[in-house]
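Student: I would like to learn how to read salt bridges in a model. Can you take me through a case?

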Amino acid sequence: MSQELLPGVTPATDHFVVQLSATRRGARLARLLAERQLDDWGQPFEAAVQVVAELASNAVFHGRVAGRDFRLTLRRYSGGMLRIEVTDARGDRFPQVAEASGEAEAESGRGLRIVAAYADRWGVEEAPARAKTVWAELDRP
C-alpha cells in the first residue's frame, strides 16, 4: 500500500524510536540516548534533552502502569524542526501545566512548564492500547 503525504506535510528526514522500562533508570537512559542520537545527527541538543528528560520523568512517575514500558520517539525534519514524543501507558491521565503559585520550592509540578518554555508547541494525544503520547516540537533546537 502506498501512503501519500498530505499537501504541506514534510516527511521526517531522521527517525529514532526506543522502548524503555518505566523506571528511573529508563528515564535516565531516555535522556542519554536522546543526547547521543541528536549529537549523531549533528543537531544542537541542550534544549531537546531537557524536554526529553521532563517528558520521560513524567512518563515514569505519572504515566506508569506495572509491567508496561514507555516509548521515546525523535523525528527530525528537513527544515530543522524536531518532534519529541513520549508514549506511556496511562491514557486516562492527561497532563496539564500547573498554575503558577507561591510554592517555588515545590518538588513537583514544574515539568510541563519547563517543556512549554523550551518547546514551540506541545500537546497530548490518545495512543493505542489506552495509552497517551505527550509531544513537543522545537522549531530550531
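**Reading the charged pairs**

Tutor: Start with R121, which is partly exposed, because its relative accessibility is 32%. Keep in mind that this is a predicted model.

Student: Which side chain meets R121 in a salt bridge of 2.7 Å, N to O?

Tutor: The general idea comes first. Side chains of opposite charge can pair when their charged atoms come close. Here the partner is E137. E137 sits in strand β5 and R121 in strand β4 (residues 121-127), so the bridge ties together parts 16 residues apart in sequence.

Student: Is E137 buried or exposed?

Tutor: Buried, because its relative accessibility is 11% and the cut-off is under 20%.

Student: What does D139 do with R121?

Tutor: The side chains of D139 and R121 also form a salt bridge, at 2.6 Å, N to O. D139 lies in the segment after β5, so this pair joins parts 18 residues apart in sequence. D139 is partly exposed, with a relative accessible area of 30%.

Student: Which residues make up the network of salt bridges?

Tutor: R75, R83, E85, R121, E125, E137 and D139. Look at E85, in strand β3 (residues 82-88). E85 is buried, at 12% relative accessible area. Its side chain makes polar contacts with the side chains of R75, at 2.7 Å, and R83, at 2.6 Å.

Student: How many salt bridges are there by count?

Tutor: Nine. One of them pairs K132 with D88, at 2.8 Å, N to O. That pair links distant parts of the chain, with K132 in strand β5 and D88 in strand β3, 44 residues apart. Both K132 and D88 are buried.

Note on methods:
Residues numbered from 1 in each chain as written. Predicted model: local features only at pLDDT ≥ 70, side-chain atom pairs only at ≥ 80, totals over all residues. Heavy atoms only, no water. Helix = DSSP H or I, 4+ residues; strand = E, 2+ residues; numbered from the N terminus. Buried < 20%, exposed > 50% of the residue type's maximum accessible area, 1.4 Å probe, protein only. Polar contact = N/O pair within 3.5 Å; in protein donor to acceptor, adjacent residues only side chain to side chain. Salt bridge = Lys/Arg side-chain N within 4 Å of Asp/Glu carboxyl O.
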